[in-house]
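Thanks, everyone, for making the time this morning. Let me put the model up on the screen before I say anything about it.

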Amino acid sequence: MDTKIGSLDACRPTSNGVCSPPNGAIATIQNYVSPAVINSSEATLGRHLARRLVQIGVTDVFSVPGDFNLTLLDHLIAEPGLNLIGCCNELNAGYAADGYARSRGVGACVVTFTVGGLSVLNTIAGAYSENLPLICIVGGPNSNDYGTNRILHHTIGLPDFSQELRCFQTVTCYQAVVNNLEDAHELIDTAISTALKESKPVYISISCNLSAIPHPTFSREPVPFSLSPKLSNKMGLEAAVEATAELLNKAVKPVLVGGPKLRVAKAYEAFVELANASGYALAVMPSAKGLVPEHHPQFIGTYWGAVSTAFCAEIVESADAYLFAGPIFNDYSSVGYSLLLKKEKAIIVQPNRVIVANGPAFGCILMKDFLRELAKRLKHNNTSYKNHHRIFVPEGHPLKASPKEPLRVNILFQQIQKMLSSETAVIAETGDSWFNCQKLKLPRGCGYEFQMQYGSIGWSVGATLGYAQAVPQKRVIACIGDGSFQVTAQDVSTMLRCGQKTIIFLINNGGYTIEVEIHDGPYNVIKSWNYTGLVDAIHNGEGKCWTAKVFNEEELVEAIETATGDKKDCLCFIEVIVHKDDTSKELLEWGSRVSAANSRPPNPQ
């Protein structure tokens, strides 16, 4: 059966409900009739691109205008179902498309040639690392300038227009340079469909003089994509399931651990089905938080080596078999390569491949097919969960603050925990917010996103803009450090223009705290800003905005009550003043181990 783009299957869930359909899902394209003929004035390249974006579920495009893309922007604006959102810079436009894709299943941004393209490149690399289908559209040079010896502005001064293309080749799965109308239709459709099939970003450059020109290939409404589904090798699937079931059914206390590639494999429901059938204790890797339902009865927390949820690492690392679904073992997720795991006990399930106990490997097997078939073959065994239940001790509460005592970070997140519901989503910035937000218990339906693999500071401002635009029915709670905010603060302006009602907690501790714990130095201290004053200046009386600066728990509670009460329809910015050394214990441990990994001496030659 073909997979129709725009269907629920094409989207990543923004909730952590057991087998629930994703929030913000795009309507399935159904009962499609013969494509209608388009008025010749609208049968242009620009309008075709706009129609394709709307068709796949992109109703908001994030852009920065430049002379090479202005005509294209005119045609995107002209499409009734498409909303063009102007951002303050290309970095935030790309991050916004990233956040949008995490909710809608696909995102798009439009920038200008080279100066815009190279600015947005960092965000495209991040989307590539996180397996997000993101369509990066660049307004390119006039088609007549290709193949000439002319030197153009927005270039490095050489008569070679390929610099931008070469940069994008390593961080996109397909690149289309559209500089003639004859193959424009094919190139655009191939690029967009490839992004959806591969779940990776693509690059589309469109010559600035082509967007407004009608062409016969654009004379009818585009037929919706119907992508051929990937299929598992049946013999390989059976062999992999048999080998895995044999190992797990012999194990005394096996466990399941979900990884971040559950997203690209679209295997969240299959993973939950396996947990239900097996009875095994269920954990997640840190970068998979939000992909697995935390209200599941067998859920034991985050497995992150030495900084895991209390009692989780003990159960995982003492297991005699563990199945990791979609893991990424990098230096950050392995806490400086310090995980106490053994390959001979591990079943590693990747989106298209299964490796059993450091032995046989099976390719051409879809993760969701494998997990569903395996669920049918496993004996129910809840020993690992019972072991966890026996040793588990509920975590304590932060020490009660004295009246007007300076605010502590653990008190802040205790209050944030109380705010979470099915109508909220959490965006965690790179830094100590990784660790503090990891400890939040997500209720059914609460969204959660952070960027762990790429870890680009400043990501959360743009990502919050894009995510909130994609799911306006949710109130986004963003936890951002002061150092990260200084990188991308401008697009609070765009949130206000869009009428978003996000709550931003700006954690002001005077520097790059995560880097302090890895390797301290004077470069980790930043210039203090009047953050509430800055946001008030950006507000400038236009849109709905409310700011507060809090120094203690009483002021924090009052600010949260206001943000969720009288100012619930406003963008709320709460600056939280905390001590520079007030960090989570997990960051202290993690930082020392990552520092040790970074400072390993060279191997002897």
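This is a predicted model: local features need pLDDT of at least 70, side-chain atom pairs count only at pLDDT 80 or more; totals for chains, interfaces and linings use all residues.

I would like to begin with the largest pocket, whose volume comes out at about 1,200 Å³. Its lining is made up of 41 residues, and those that lie nearest the centre of the pocket are E395, G396, K439, L440 and K441. Which elements each supply at least two residues of that lining? They are the strand β11, at 299-302, together with the helices α12 (383-391), α13 (409-419), α14 (432-438) and α21 (585-598). Among the contributors, α13 has the largest share of the lining, with five residues.

Let me now turn to the helix pairs, starting with α1 and α2.

Helix α1, residues 45-55, packs against helix α2, residues 70-77, at an angle of about 50°, and the two axes are 8 Å apart. An angle between 35 and 65 degrees counts as oblique, and α1 and α2 are therefore oblique to each other. Their crossing is right-handed. On the α1 side the residues involved are G46, R47, L49 and A50, and these meet L72, H75 and L76 of α2. Sorted by class, this contact has four nonpolar residues, two polar and one charged.

The second pair is α3 and α15.

Here the axes of α3, residues 90-104, and α15, residues 459-470, come within 6 Å and cross at roughly 45°, and so this pair, too, is oblique. The handedness of the crossing of α3 and α15 is right-handed. From α3 the contact draws on N92, Y95, A96, D98, G99, Y100, R102, S103 and R104, while α15 brings W459, V461, G462, A463, L465, G466, Y467, Q469 and A470. In that contact of α3 with α15 there are nine nonpolar, six polar and three charged residues.

The last pair is α7 and α11.

Helix α7, residues 234-250, and helix α11, residues 367-377, have axes 9 Å apart and pack at an angle of about 50°, which makes α7 oblique to α11. Again we have a right-handed crossing as α7 passes α11. The residues that make the contact are L237, E238, A240, V241, E242, T244, A245, L248 and N249 in α7, and D369, F370, E373, L374 and R377 in α11. How many residues of each class does the contact of α7 with α11 have? The count is seven nonpolar, two polar and five charged.

That is where I will stop, and I am happy to take comments.

Key
Residues are numbered from 1 along each chain as its sequence is written. Side-chain values use heavy atoms; hydrogens and water are left out. On a 1 Å grid over the protein atoms alone, a cavity is a set of points where a 1.4 Å probe fits but cannot get out, and a pocket is an open set with protein on both sides within 12 Å along at least five of seven lines; lining residues have an atom within 4 Å of a point. Grid points are joined across faces, edges and corners, and a volume is the space filled by probe spheres set on the points. Helices (H or I, at least four residues) and strands (E, at least two) are DSSP runs, numbered from the N terminus. Axes are lines fitted to C-alpha atoms, for helices over the stretch in contact, and angles run from 0 to 180 degrees between N-to-C directions. Angles under 35 degrees count as roughly parallel, over 145 as roughly antiparallel, 65 to 115 as roughly perpendicular and the rest as oblique. A crossing is left-handed if the near helix is turned anticlockwise from the far one by less than a right angle, and right-handed if clockwise. Contact means heavy atoms within 4.5 Å. Ala, Val, Leu, Ile, Met, Phe, Trp, Tyr, Cys and Pro count as nonpolar, Asp, Glu, Lys and Arg as charged, and the others, Gly among them, as polar.
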